[in-house]
Amino acid sequence: MAKVAIMGFGTVGSGVYDIIKTNSEKLTYSTNGEAVNIKYILDIRDFDDHPEKELFTKDFSDILNDAEVSVVAEVMGGLHPAYEFTKSLLESGKSVVTSNKELVATYGTELLEIARNKNVNYLFEASVGGGIPIIRPMHQCLTANNIKSIAGILNGTTNYILNEMIKKGKTFDDALKAAQKNGYAERNPAADIEGHDACRKIAILSSLASGKTVDYRDIETEGITNITLDDVKYAAAMDSVIKLIGYAKLFADGRIYSIVSPMLIKNSSPLAGVDGVFNAILVNGNCVGNVMFYGAGAGKLPTASAVVAAIVGSVKHFERSKKIRWVNPETVVLAGGEDKSFAYFVRTKASADEVSKVFGKCEFVDNIVADESAFVTGEMAGSEAKEKFAKLDIVSSIRILD
Ligand code: HSE
C-alpha cells in the first residue's frame, strides 16, 4: 500500500482527495496492485466536519518525518512555504507531485536536480494545461523531435473571459466574476488577466522543449486587460478571434524566444475554436509536424486528475527517477523581440495617409468605430513596431499569430 499526503485542501487538493476515494480500484490497477492511501492532509484551516477529519494536520513535520509516506501532492500554490516544504520532502527521499506552476517556473531547475540526486520524482504534469497531458508527452512521446515552436492557450480564465466577450458580448468585469465563481481564476485574478499565469506555463514548456531553464522573468508578458469589445468586433470582421497566447520559438542555433500576448487568430486555425475554460497547446516538432493537445485547462477534477496520475507514476517508479532535467539558466541565450517578427492589427486616431507614411503599404480594415483607422501591418520585429507605434496616436495594437 502506498501512503500519500496532500498539502493544501483547496479546489485542487479536495479534487485529489475525491479522485483517490472514488477511483481507488482503478488506481490500484494502475500502480500494478498497490492501493493508494491518503495518510495526511495538510492545511492551516479547520475541517472538523470532514468525514475523515483525523487525516488533517497543520504540522508539516508529521508528513516529513513519517517514513511511510512516499509521495506528497503539493497543491497549496504560491512560492512559500511550498518551496521549503518541497525541498525538504525531496531531500528526505519522498517524491513530490504538483500543480504549482509558479513554484516549478521559479525553482524547477533546483528541485528537479534534487529529485535526480535523491532518485525520487518531482512531477508537474498538472502545472500546465490542467487536465491535459502535455508535460509527459513533450518529455517522452515527442522526445525524438527538435521542437520548433509552441503556441498555446494556457490560461482557462482569460480564455473564458474572452469567449464570453466574443460570444455573449459580456463586459470584461462580468465575465471575470463568472470565471471566479466557477473556481477557474487564481486567488488573485491579476495572475490570470495580466498574463502571469500563462507566462509561468510557457516558461515551463519552453524549458521542457529546450532542456534549458527559461526564466519566466525574461518573458515579455501582456495580459488581456486592454482588450475591448471593439477589438473583439474588429477581429470578428476579419474572420478572426482574439486569444491570449503563450508562444515560444526555438531557433536552430539554440536560442529561445518566448512571449505571452493577446493575439489575433484566424478562425481556420485549430486554436480559434478552443472555447470557454478549455486550453490547447499546438506543438511543432521537426519530425512530427504539428500536434495539438486539447482539454480542460482548469477546474477541480481535471487538474486533480493530472495530479493523481503523477501520484500513480511516482508510486510505480518508486526509487527510480524519471530524470527530467533543465540546465542552468546561465547557459541559456534568449532571443529578443528583434529576432521574431509579427504582423499587427492596429487601431489609431491617425488618418490613412498618416498611417501609410509611417507603415508604408498596409492593409486597411473597414472602421467599426468612427474617427479612427484600422489596419494590418506587414511583419515587423518588436523594436521596429514600438518605434512606429510611438509616431501615431494608437488606440490598440494586437499581434497576429502566423
Ligand atoms: N487560473 C488558472 C487558469 C488555473 O485559469 O488557467 C489553472 O492553472
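A pocket here is an open set of points on a 1 Å grid over the protein atoms alone, with protein on both sides within 12 Å along at least five of seven lines. In this structure, the space taken by the ligand is the largest pocket; a molecule sits in a pocket if more than half of its atoms lie within 2 Å of its grid points. The model is a predicted one, where local features need pLDDT of at least 70 and side-chain atom pairs count only at pLDDT 80 or more, while totals for chains, interfaces and linings use all residues. Residues are numbered from 1 along each chain as its sequence is written, and side-chain values use heavy atoms, with hydrogens and water left out.

- Two elements give two or more residues each to the shell around the ligand: helix 7 (156–168) and helix 10 (196–210). Helices (H or I, at least four residues) and strands (E, at least two) are DSSP runs, numbered from the N terminus.
- Which residues are around the ligand? They are Lys101, Asn155, Gly156, Thr157, Tyr184, Ala185, Glu186, Asp192, Asp197, Lys201, Gly297 and Ala298. A residue is counted if one of its heavy atoms lies within 4 Å of the molecule.
- Sorted by class, this shell holds 3 nonpolar, 4 polar and 5 charged residues. Ala, Val, Leu, Ile, Met, Phe, Trp, Tyr, Cys and Pro count as nonpolar, Asp, Glu, Lys and Arg as charged, and the others, Gly among them, as polar.

- Gly156 takes part through its backbone, with a polar atom 2.7 Å from an oxygen atom of the ligand.
- Thr157 uses its side chain instead, placing a polar atom 2.6 Å from a ligand oxygen.
- Lys201 has a side-chain N or O atom 2.8 Å from an oxygen atom of the ligand.
- Taken alone, the ligand exposes 250 Å², and the protein buries 93% of that. These areas come from the Shrake-Rupley method with a 1.4 Å probe; for residues, only the protein chains shown count as cover.

**Buried or exposed?**

- Buried means under 20% relative accessible area, exposed over 50%, and partly exposed in between (1.4 Å probe, protein chains only).
- His50 sits in the loop between strand 2 (36–42) and strand 3 (56–57). Why does His50 count as buried? His50 is buried because its relative accessibility is 15%. A polar atom of the His50 side chain also lies 3.0 Å from the backbone nitrogen of Glu52.
- Leu401 belongs to the segment after strand 17 (394–400), and it counts as buried because its relative accessible area is 15%.
- Asp239 is placed in the loop between helix 11 (229–237) and strand 9 (240–250). At 44% relative accessibility, Asp239 is partly exposed.

**Backbone features to look for**

- His80 and Pro81 are joined by a cis peptide bond, with omega of about 10°. You can find Pro81 in the loop between strand 4 (69–74) and helix 4 (82–91).
- Asn32 is a residue other than glycine with a positive phi, near 65°. Asn32 lies in the loop between helix 2 (24–30) and strand 2, and it is exposed, with a relative accessible area of 66%.
- Asp371, also not a glycine, has a positive phi near 60°. Its place is the loop between strand 14 (363–365) and strand 15 (373–376), where Asp371 is exposed at 67% relative accessible area.

**Sequence distance and space**

- Leu111 is part of helix 5 (residues 101–118) and is buried, with a relative accessible area of 0%. Leu111 and Leu90 are 21 residues apart along the chain, and their C-alpha atoms are separated by 7.7 Å.
- Ala374 lies in strand 15 and is buried at 1% relative accessibility. How many residues apart along the chain are Ala374 and Ser351? They are 23 residues apart, with 9.5 Å between their C-alpha atoms.
- Asp239 and Leu264 are 25 residues apart in sequence and 9.7 Å apart in space, C-alpha to C-alpha.
- Leu401 and Glu102 are 299 residues apart in sequence, and 26 Å lies between their C-alpha atoms.

Terms used
Polar contact = N/O pair within 3.5 Å; in protein donor to acceptor, adjacent residues only side chain to side chain. 1 Å grid on protein atoms, 1.4 Å probe; cavity = no way out; pocket = protein on both sides within 12 Å on 5 of 7 lines; lining within 4 Å.
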